[in-house]
Amino acid sequence: MILTGVLLAVIGLGLVGWFAARGRARLLYKGRGSMHSMPGYHGWHVALWILVPALLAWGVWQAIMPGLVEGAVFASPAAASLPTDPFQLGAILAEAHTIASDPNAVAFNPEAQALVEPIRQGQVKFGLIGAVIVLIVAFAGGAFGFTRVRPDFRARTHVERAVLGVLLAASLLAILTTFGIVASLVFEAGMFFKDVSPIAFLTGTHWSPASTAGENISDNFGAVPLFWGTIYIGAIIAMVVAIPLGLMSAIYLTQYATRDVRKWVKPLLEILAGIPTVVYGYFAALTVAPLIRDFAASIGMTNPSTESALAAGLVMGVMIIPFVSSMADDALAAVPRAMSDGSLALGATRSETIKKVLLPAALPGIVAGVMLAISRAIGETMIVVMAAGAAANLSANPFASMTTVTYQIVQMLTGDQEFNSPKTLSAFALGLVLFVVTLILNIVALRVVKRFREAYE
């Protein structure tokens, strides 16, 4: 809490330093050519010298402060009666930290209650020490930066290099995050494949996860029904809905609709992309699924279920219509006007021009939009959870209950179960397969878009 207040104070000091350095630079300005950099750059230079070192010191102290507080707690008399078992000790410390941060919390362990006051004292003590260190660093950095406010100082160069460093750090952070995700998936999936054969996992047709290891455990982790459910719901049923509706809406908006109609219809269509997926899930479970069940009963099916691949796929297709429509709209709009005008001048009708000229020319962009929509659909979770069911069925019956990779990932990682069991680790193997598939789809889509842009830019 103390360090958070100091962080706000440092930001205020940075603002004060900016105004002070800019004012001093203005006093040194004697006309055109008298200073290398404008006063504003001098202000940013001093502000950076205040903020960057102070924020680094703040981050370092935040990292080492818990260890210092814990050391002070162990050195207090209240820690003399603590158990030596690491598991019990960790539980007591966690409970004591919770009570120390929340005065309304109730202690279930008397030993944890005894550690609350030493923890609070340690936090106050080391918080004040950290605040003093951070403020000293901020003042020292600001003083050093303020001494550099001179007519010949290249403040603009230094500020631009600092901004370049921030942009580079942001780019590296995104890349490292991706590598971290991949590394975590590969590591945990490797732990899973120590107990389960990868071939059995990728080719088996029986999915019944077991928590305990055994000789035939691989027979229970055949993921083909999950892959089939994901493809059937997200890449077949959903695409049967999304591709015709999205493509036809794009053709109407680009070729037939007036400017006023397009101004209203296109934003309304794209609102579908902004609706939370849980709302789509409610719509699928409460409205679409009962209608499909009644329809299945009317055509003679016995005991139809409200959970079906068709219900989830239809709603998922409606959800991704904007993805197909937007990409197709952009692709059709990017086709040179001369191509359609030439076709019309040769006597072709509007529909013939669309079918024989515009659609073939815009096909790469349309295909890229479809691939991006598929990658979005196969990663959907909430609609499947609420409308498709949990049965791992290898069936082509759209009225049957099915499950997908994302649903099983949710199931494996929730609930009270051992983390290192094959059952839990199977979620990471499924996630790795899903990651690879969506990555391939996105790479193909981007390459298609690149080819499309090169053709018409």
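**Helices, rings and accessibility in a predicted model**

Q: In which helix is I99 placed?
A: I99 has its place in helix α3, which covers residues 86–101. Helices (H or I, at least four residues) and strands (E, at least two) are DSSP runs, numbered from the N terminus.

Q: How are the residues numbered, and what kind of model is this?
A: Residues are numbered from 1 along each chain as its sequence is written, and the model is a predicted one, in which local features need pLDDT of at least 70, side-chain atom pairs count only at pLDDT 80 or more, and totals for chains, interfaces and linings use all residues. Side-chain values use heavy atoms, with hydrogens and water left out.

Q: Why is I99 called buried?
A: The word buried stands for under 20% relative accessible area, exposed for over 50%, and partly exposed for what lies in between (1.4 Å probe, protein chains only). The relative accessible area of I99 is 4%, so I99 is buried.

Q: How far is I99 from Q113 in sequence and in space?
A: I99 and Q113 are 14 residues apart in sequence. Their C-alpha atoms are 7.7 Å apart in space.

Q: Why does V137 count as partly exposed?
A: V137 belongs to helix α4 (residues 110–147). Its relative accessibility is 26%, and V137 therefore counts as partly exposed.

Q: What makes N303 exposed?
A: N303 sits in the loop between α9 (277–298) and α10 (309–319). With 76% relative accessibility, N303 counts as exposed.

Q: How many aromatic pairs does the structure hold?
A: There are eleven aromatic pairs in the structure. Rings of Phe, Tyr and Trp (its six-membered ring) pair if their centres lie within 6.5 Å; planes under 30 degrees apart count as stacked, over 60 as edge-to-face and the rest as tilted.

Q: Why is the pair of W207 and F221 called edge-to-face?
A: The ring centres of W207 and F221 are 5.6 Å apart and the planes stand at 90°, so this pair is edge-to-face. The two residues, 14 residues apart, are both in the loop between α6 (198–203) and α7 (224–256), and the pair links distant parts of the chain.

Q: How do you know whether W207 and F221 are buried or exposed?
A: W207 has 10% relative accessibility and therefore counts as buried. F221 has a relative accessible area of 0%, so F221 is buried.

Q: Which residues form one aromatic cluster with W207 and F221?
A: F192, F193, F201 and F227 form one aromatic cluster with W207 and F221.

Q: What makes R350 a residue that lies over the face of Y256?
A: A charge sits over a ring if NZ of Lys or CZ of Arg is within 6 Å of the ring centre and within 35 degrees of the ring normal. R350 lies over the face of Y256, at 5.8 Å from the ring centre.

Q: How do you know that the span of α7 agrees with its number of residues?
A: The expected span of a helix is 1.5 Å times one less than its number of residues. For the 33 residues of α7 this should give 48 Å, and the end C-alpha atoms are 44 Å apart, which agrees.

Q: Where is the kink in α7 centred?
A: The kink in α7, of about 50°, is centred on M239. A bend at a residue is the angle between axes fitted to the seven residues ending there and the seven starting there.

Q: Where does α13 bend, and which proline follows?
A: At L363, α13 bends by about 60°. The proline P364 follows within four residues.

Q: Why does L358 count as buried?
A: L358 lies in helix α13. Its relative accessibility is 4%, and L358 therefore counts as buried. The C-alpha atoms of L358 and L332 are separated by 6.5 Å, while the two residues are 26 residues apart along the chain.
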